[in-house]
Amino acid sequence: MITSPVKLWRRHKNVSAQIGKKGKILLWTIIRVPAKSFTDQAPYPVVIVKMQNGENMIGQLVDWQEKDLVSGCEVVSVLRRLRTEDKEDIIYYNIKFKPL
Amino acid sequence: MIISILGASTTKFGELWNVSPRAMAKEVMVNALNMSGLKSSDIDALYVGNMLSGILGNQANLGSLLVEELGVFIPAFRVEGACASGGLALHNAVNSIKAGQYKTVLVLGIEKMTDASLDETTNALMAAGSDEERMAGATFPGVYALMAQAYMKQYNVSEEDLASVSVKNHYHGTLNPKAQFRFPITINDVLKSPKIADPLKLLDCSPISDGAAAVIITGGGSKKIKKPIRIVASEIATDTLSLHDRKSFTSLHSVVEASHKAYKKSGLKPTDIDVAEIHDCFSISEAIAVEDLGFSKKGEGARDIAKEKRTLFKGDIICNSSGGLKACGHPVGATGIKQIVEITEQLRAESGERQVKGAKIGLTHNVGGSGAVTAIHILRV
Amino acid sequence: MSGIVAYGTYVPKYRLKLSEIARMWGKDSVEIETGLRLSEKAVPGFDEDAVTMGIEAGRRAVAMAGIKSADLQSVYFGSESHPYAVNPSSTILGEYLGIGNNYFAADLEFACKAATAGMQVTLGLLNSGEINFGLVVGSDTAQGKPHDALEYTAASAASAYILGNKKSEIIANILLMSSFSSDTPDFWRRDGEKYPSHFGRFTGEPAYFTHVLQEAKNLLVKGKFKASDFSYCVFHMPNGKFPRVAAKKLGFSEQQLYPSLIVDKIGNPYSASSLMGLASVLDIAKPKQKIFFVSYGSGAGSDGFVFETTEMLLKKQKKTIPVLRQIEDKIYISYSQYLRQTHKI
């Protein structure tokens with residue numbers, strides 16, 4: 001996974017414009033065998049969300065409970081740390097989704 | 001111009017700890033040449049299908065490396081399209097012959113995955129998807145799991161129905177000496193296996209494997225082979241990289257389009273196909289594929305497989321006689337070419353215990369990522 | 001005159017009951033809860049930090065203010081858990097809030113009073129006419145050492161305040177401010193160390209109480225006020241006991257103090273603490289009410305303010321997510337989940 005500080009910087013405007021937007025869960029899964037940088041977060045849900053503007057987005061679901069894992073659940077986009085990085089790495093902030 | 005297959009060979013697929021990539025390549029090159037009655041010097045170019053050599057092995061320039069194993073310094077290329085690398089390499093080779101640039105070409109699919117840790121490999125396979133998917137922590141099984149949920153919900157398909165794909169393919173694997181897994185499994189085994197990404201469980205997922213496969217194709221004739229198997233269609237189609245950008249979550253448009261073009265080019269219909277190699281990276285993949293290829297009605301793919309309509313000796317269009325990706329194994333870049341080898345052997349009536357009687361027309365379905373690219377080939381006697 | 005134009009707060013969703021902590025270490029929960037006067041504390045999500053929480057609070061403040069984030073001309077971010085030792089939280093916040101590039105910015109540290117110090121800096125810029133609107137954020141994911149006394153109270157949250165000098169936008173004028181500072185080593189964290197150290201009972205009388213009470217007295221004298229002039233009082237809340245004792249000593253009643261006591265339900269979120277108590281008061285205050293406010297930061301110092309609400313408050317109260325509502329929006333977690341979420345394991 002590429003988490004270059006340059007990429008983080010280049011994506012500022014896009015990411016900041018996507019914070020605080022509402023949507024509804026279309027599909028969900030729970031990742032139990034995680035990717036390398038996500039090992040300490042597993043298991044975690046990943047959702048495809050239909051945003052109010054009609055676009056679909058994919059993201060991790062945070063601050064969730066079992067009852068939120070249902071198609072149609074309303075969510076809002078938030079900014080969170082992407083993963084637990086190495087001690088010397090840049091901290092990567094990314095859009096995730098939180099049940100309303 | 002008629003494109004004929006003169007040589008076809010695969011290694012055993014599995015955890016080949018003590019076999020290097022060079023050794024795997026050499027084995028299948030030598031066997032393919034033997035079968036064809038040709039020498040290395042008869043080969044005009046080498047196409048290699050491979051995904052992970054750079055990411056896991058720090059080795060790019062794979063064409064140059066593997067041409068050393070062939071022993072002749074001919075034009076050599078690596079072609080990549082994630083898990084469709086093999087099919088794409090073959091397509092490019094076919095085009096080069098049709099263009100009149102080369103006459104006889106060796107196409108090699110190869111992957112070494114077990115030198116890296118499971119963590120590293122899981123991570124590397126995510127390169128097949130998009131940045132958004134990676135940053136969402138969506139592993140490759142995770143993306144297909146989302147598809148599975150959509151499919152099961154839309155068509156009221158059960159986990160048992162999906163599990164029947166793995167059961168069928170394992171049964172076929174018991175009949176294939178080259179398969180990674182040669183033991184049967186039951187529906188219950190699948191349902192009880194640990195969850196990877198809900199609802200997909202361990203036995204819904206193809207394994208990590210090493211392996212290589214090679215075919216030799218030509219636009220000229222053959223002294224040794226009287227009526228070689230022919231490639232009558234080689235078609236590619238693409239779709240969005242991310243699953244969430246697609247119009248449908250329960251059908252792969254790239255498969256529909258590529259197969260449509262292939263049927264049209266070859267003047268054939270789905271019902272003409274006797275035997276097919278399907279890209280079952282996950283059980284859900286085969287369920288959706290048989291629908292997208294026109295073998296089953298929309299929504300009936302999994303149920304048809306559960307009813308054994310695609311099973312050896314019982315079904316009408318036999319799918320994955322090799323054991324598929326699930327049981328035969330899935331060394332990513334090799335799969336597309338292995339599929340061609342399997343169909344070639346079936347059409348030459350050389351498949352031993354797993355022979356589909358009277359097979360005359362075969363199809364291979366090779367998909368990259370979650371459906372971003374598909375390569376369809378149709379072969380016939 | 002300058003004042004508060006808007007505020008925003010953020011409390012993470014997770015709560016750890018003190019009884020869970022006590023059970024882990026074989027202590028008497030009732031005794032601890034009674035002594036500290038709180039029963040549960042707010043715990044951040046695995047992927048939250050002072051910056052992500054600060055951004056939430058900051059967005060809410062901007063929404064209440066009804067200004068564009070580009071109108072903000074300064075950002076001062078106070079925390080003792082800045083994500084980086086070197087790399088400004090203030091500009092990460094500024095970037096994700098879409099402030100642009102023309103603003104004053106700095107990160108501050110002064111234990112739990114970093115943000116109120118930031119307010120005083122901002123007021124300097126406002127009162128001199130350098131800027132019209134400035135943002136101050138106090139945010140912490142406070143780390144409590146396992147088995148240490150502070151483990152029961154160290155919590156997480158964020159408070160954001162927009163200050164301005166445009167009369168029509170002000171919801172609470174700042175009538176008066178002052179500060180009391182000293183070198184009092186009651187609580188500290190060495191560079192590179194994960195957890196703070198503290199000197200037990202020394203953090204009480206010579207530290208918290210000396211500074212809070214002296215600053216309070218200075219403020220009352222400077223403004224010629226008495227305790228009964230105020231509708232509300234807010235003090236820094238390291239636990240539920242200290243602010244109650246301070247209020248009583250200064251002659252404030254329980255009714256004046258009570259609405260600010262967020263500590264009872266979420267613990268001590270360090271730099272966000274006193275400002276969240278203030279927000280809790282502003283959520284329910286009426287116009288033309290005076291609020292007495294004294295923060296405290298170990299090491300040590302206290303910042304004092306006298307606020308007076310305006311008519312504008314009523315309109316902007318409608319645009320807030322009340323502190324109480326966030327406090328009640330919670331999921332309880334176990335001690336082991338708490339260890340995971342705060343990266344101790």
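Two residues are taken to be in contact if their C-beta atoms, placed from the backbone, lie within 7 Å; the model shown in these views is predicted.

**View 1. The contact between chain B and chain A in the predicted model.** The contact draws 26 residues from chain B and 21 residues from chain A. On the side of chain B that touches chain A, at least two residues each are supplied by helix 5 (118–125), helix 6 (131–135), helix 7 (140–155) and strand 5 (195–197) of chain B, and helix 7 of chain B gives the most, with 5 residues. By residue class, this side of chain B divides into 10 nonpolar, 8 polar and 8 charged residues.

**View 2. Surroundings of B:L108 in the largest nonpolar core.** This core has 263 residues, and those with the most contacts inside it are B:V107 and B:L108. When neighbours within four places in sequence are left aside, B:L108 is in contact with B:A25, B:V28, B:M29, B:L46, B:V48, B:L66, B:A212, B:A214 and B:I337.

**View 3. Domain 1 and domain 2 of chain C where they touch.** The domain assignment gives domain 1 of chain C as 3–170 + 322–341 and domain 2 of chain C as 172–315, and their C-alpha centres lie 15 Å apart. The contact takes 45 residues from domain 1 of chain C and 44 residues from domain 2 of chain C. Among the elements of chain C that give two or more residues to the domain 1 side are strand 1 (3–10), strand 3 (40–43) and helix 12 (323–328), while the largest share of that side, 6 residues, comes from helix 5 of chain C. The residues of the domain 1 side divide into 25 nonpolar, 12 polar and 8 charged.

How values were computed: Residues are numbered from 1 along each chain as its sequence is written. Chains are lettered from A and ligands numbered from 1 in the order in which they are written. This is a predicted model: local features need pLDDT of at least 70, side-chain atom pairs count only at pLDDT 80 or more; totals for chains, interfaces and linings use all residues. A nonpolar core is a set of buried Ala, Val, Leu, Ile, Met, Phe, Trp, Tyr and Cys residues joined through C-beta atoms within 7 Å. A residue is buried if 20 or more other C-beta atoms lie within 10 Å of its own, exposed if 12 or fewer, and partly exposed in between; C-beta atoms are placed from the backbone. Domain bounds come from an automatic or database domain assignment. Helices (H or I, at least four residues) and strands (E, at least two) are DSSP runs, numbered from the N terminus. Ala, Val, Leu, Ile, Met, Phe, Trp, Tyr, Cys and Pro count as nonpolar, Asp, Glu, Lys and Arg as charged, and the others, Gly among them, as polar.
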